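Morning, everyone. Let me put the model up, and then we go through the sheets, the helices on them and the ligand site.

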Amino acid sequence: MKTISLLMGEQIYQEGQVFDSIKYFGILPFPDLCLTGLTYFFLIHDKEARGQAKASTISILVDENHAAFLYENMKDLSIYFSETADKITHDNYLKDSKEFMVELLEKVDKFVSNVNSPISNARKLKLLFTGLDASGKTSYLRAIKQRYSELTGIKPTKGIERSQDQMLGQSLLEWDVGGQLKYRQNFLKQADLYLFDTNLLNFLIDIRDETRYVEALEFLFQILNIFRSFKQHPPIVVNFHKADPDIKEDHELTKKIELLKNRILENSKDFRVKFFNTSIFNAYSLNKSFSEGISLMSPNREILREQLKWFAQEINAQALLLINENSVILSDFSTNKVSSQVSEMSAPHFQNLFKTFSEFRLLKHNTATWQMDNDIITFYKLPLNNIDVYLLCLLRNQDTEINNINQLMPEFKNRINSLIETYL
Ligand SMILES: Nc1nc2c(ncn2[C@@H]2O[C@H](COP(=O)(O)OP(=O)(O)OP(=O)(O)O)[C@@H](O)[C@H]2O)c(=O)[nH]1
Ligand SMILES: [Mg+2]
């Protein structure tokens, strides 16, 4: 019941949407039972039921110390789940579902006994930063961590520079792979060491160096082929880097980027690829690309957005943005493009102001509101079980009832708490 209520936004299926398009995965904590679950949410047609469908979930529960097992094997398990769900959604579900579930149990059981990676409890996510030499990887990483003083005098990276960060309670291992030819060759040669079990690939292309486009793409495609040979398909973020603010609008450059994008898309149909124009002189561009990479690794990405959508509709918001302590965007929802951009670009600044006011004890509560001509921004700090997240709401002035928001906030917090806890 918990999984159903969590995963189901009220509005999801009552507006006559297509049943089949409603399928969600998520990883959820069950702290009372010391368990963590991988859950699949789907609808079963039923003429008698409200909205002509029954909300249903299939979950597999593991000891919470072994939650990493679910993240690591989610893809395989999800396929079993969706196959089973497809059978159950057909007629006679009441009669046949037991048989299908037993079948699923047998499959999962067999799968578990074949998993040979040791079941660990700490989840370590491997993020690779690759690209040709001088494409800007080391600079990107330093800038995203706001180590601005270390941005000058960067030397080419020798071999691989590893660093470790904490994010939402998990470890991020960031591998900055030196791009000079000898390091690249070694990297590809020892791919099973370096590329195996990558959680996210960040690839940088120096868009100012047109003479090396072909070489850059070749390197990227070699990496993709290696992933294919491992039967692994991590999400990929391609950064068209050095798109500095003063040349961002350059027409010629935009055309070149478009061509690059198409070449990459043609050759990466079996991967999930996102593209960004980035520059170390545009903090927003880096944050956007980095955040997208983080959210691509999250199993809860989609259901979290559903919860934001629900809340936005309840409080009549134009945009909602959920960020962590370091302004990494965890989820967002907006009714139009402009409000989406405005909220993304301004959120880190509001967060800074908010922190400053808090430090000087000018805020008694965990919220602050800014008034513009026709819009307001309300900003909330939401202390969840283990972590603090921040919510920015962009609202139209005339239909804003802060009271209503405050009333619904506990419910919203409750809904997202578990999703954040198991976000990564
Ligand atoms: N204009 C501009 N220059 C950048 C940007 N990012 C990095 N650079 C410059 O590009 C050069 C190479 O940057 P690095 O960060 O060392 O590149 P790298 O990809 O780590 O290079 P290797 O370690 O050899 O693989 C440096 O001179 C940086 O200052 C950017 O966004 N805009
Ligand atoms: Mg480097």
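Start with the open sheet of three strands, ordered E1-E2-E3, with antiparallel pairing. Strand E1 covers 24-30 and strand E3 covers 53-63; both stand at the edges with a single partner strand, so one side of each has no neighbour in the sheet. Neighbouring strands here are turned by 30° against each other on average, direction ignored.

Terms, quickly. Strands (E, at least two residues) and helices (H or I, at least four) are DSSP runs, numbered from the N terminus. Two strands pair if DSSP finds at least two bridges between them. Axes are lines fitted to C-alpha atoms, for helices over the stretch in contact, and angles run from 0 to 180 degrees between N-to-C directions.

This is a predicted model: local features need pLDDT of at least 70, side-chain atom pairs count only at pLDDT 80 or more, and totals for chains, interfaces and linings use all residues. Residues are numbered from 1 along each chain as its sequence is written, chains are lettered from A and ligands numbered from 1 in the order in which they are written, and side-chain values use heavy atoms, with hydrogens and water left out.

Back to the strands. E2 is residues 35-45, and eleven bridges join E2 to E3 in the antiparallel sense. In that pair of strands, Leu35 faces Asp63 of E3.

What lies across E1, E2 and E3? Helix H2, residues 67-88, running at about 20° to E2. Helix H3, residues 93-114, also packs on the sheet; H3 touches E2 and E3, and its direction makes about 25° with that of E3. Contact means heavy atoms within 4.5 Å.

Next sheet. Six strands, open, mixed pairing, in the order E5-E6-E4-E7-E8-E9. The edge strands are E5 (160-167) and E9 (273-278), each pairing on one side only. The twist averages 20° from one strand to the next.

Inside this sheet, E4 (residues 124-131) and E7 (residues 200-206) pair in the parallel sense over five bridges. Thr130 stands opposite Phe203 in E7. Helix H7, residues 213-230, packs here, touching E4, E7 and strand E8 (236-241), with its direction at about 170° to that of E7. Helix H8, residues 251-266, lies across E7, E8 and E9 at about 160° to E8.

Now ligand 1. Which residues come nearest? Of the 20 around it, Lys137, Ser139, Thr157, Gly179 and Asp244; a residue is near if one of its heavy atoms lies within 4 Å. The shell divides into six nonpolar, nine polar and five charged residues. Helix H4 (residues 137-144) gives the largest share, three residues.

Polar contacts are pairs of N or O atoms within 3.5 Å. A ligand 1 nitrogen is 2.6 Å from an N or O atom in the Asp244 side chain. A ligand 1 oxygen is 2.7 Å from a polar backbone atom of Gly179.

Definitions and conventions. A polar contact is a pair of N or O atoms within 3.5 Å; within protein, one must be able to donate a hydrogen and the other to accept it, and residues adjacent in sequence count only if both atoms are side-chain atoms. Ala, Val, Leu, Ile, Met, Phe, Trp, Tyr, Cys and Pro count as nonpolar, Asp, Glu, Lys and Arg as charged, and the others, Gly among them, as polar.
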